[in-house]
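Please read it with the model open.

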Amino acid sequence: MPSFRNIRRVRHTAQNMFDLVTDVEAYPKFVPFCTRMRLRQRAKTGEGLETLVADMEVGYKAIRERFTSRAVCDRPNLTIFVEYIDGPFSRMKNRWVFRDEPGPAAACTVEFFIDYEFKSRLLGLLMGSMFDTAFRKFSAAFEKRADEIYGRAGPSSPASASRSSATSTDF
């Protein structure tokens, strides 16, 4: 049961990073291996809550798969919880958490966690390494996109800090 966790400090506000992640229609422009994204539904589901249902197509070389997921975006708490609806997985959940860092410069910590398993053992073998590669590039791709949209915040000399690990942490 593969899982991946990344905690990254970026030079953007938590709100800006939250907005960037909830802009799912833009994913094909910058998310590794995302070839197509179709937003099926965007609905306000409570005060500061929004639910998105989207189809995402991922591909690498000749392999292409599409899956549908539901994301609950909690703006007051700057968290996003994504659950699997349909596609090649037997299960898939992921979570984003955004926390502003103290200090005068705009900076936040972005935590990304995903836990998934393919229905097909063969597909898991074929696509598992692609997914692992994609997740390792995922956080950097979002930070680069934030730099393009919001500009680089703070001094350019210190590099962003990132910690990644394979885990089996529960949600």
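**Notes on the cavities**

1. The lining of the largest cavity is made up of 25 nonpolar, 3 polar and no charged residues. Here Ala, Val, Leu, Ile, Met, Phe, Trp, Tyr, Cys and Pro count as nonpolar, Asp, Glu, Lys and Arg as charged, and the others, Gly among them, as polar.

2. This is a predicted model: local features need pLDDT of at least 70, side-chain atom pairs count only at pLDDT 80 or more, and totals for chains, interfaces and linings use all residues. Residues are numbered from 1 along each chain as its sequence is written, and side-chain values use heavy atoms, with hydrogens and water left out.

3. The structure holds 2 cavities of 30 Å³ or more. A cavity is a set of points, on a 1 Å grid over the protein atoms alone, where a 1.4 Å probe fits but cannot get out; lining residues have an atom within 4 Å of a point. A volume is the space filled by probe spheres set on the points.

4. The largest cavity has a volume of about 420 Å³. It is lined by 28 residues, and Tyr 27, Met 56, Phe 67, Asn 94 and Phe 138 are the closest to its centre. The largest share of this lining, 5 residues, comes from α3.

5. The second largest cavity has about 40 Å³ of space. Its lining includes Arg 8, Trp 96 and Glu 143. By class, that lining has 5 nonpolar, 1 polar and 2 charged residues. Again α3 gives the largest share, here 3 residues. Helices (H or I, at least four residues) and strands (E, at least two) are DSSP runs, numbered from the N terminus.

Notes: 1 Å grid on protein atoms, 1.4 Å probe; cavity = no way out; pocket = protein on both sides within 12 Å on 5 of 7 lines; lining within 4 Å.
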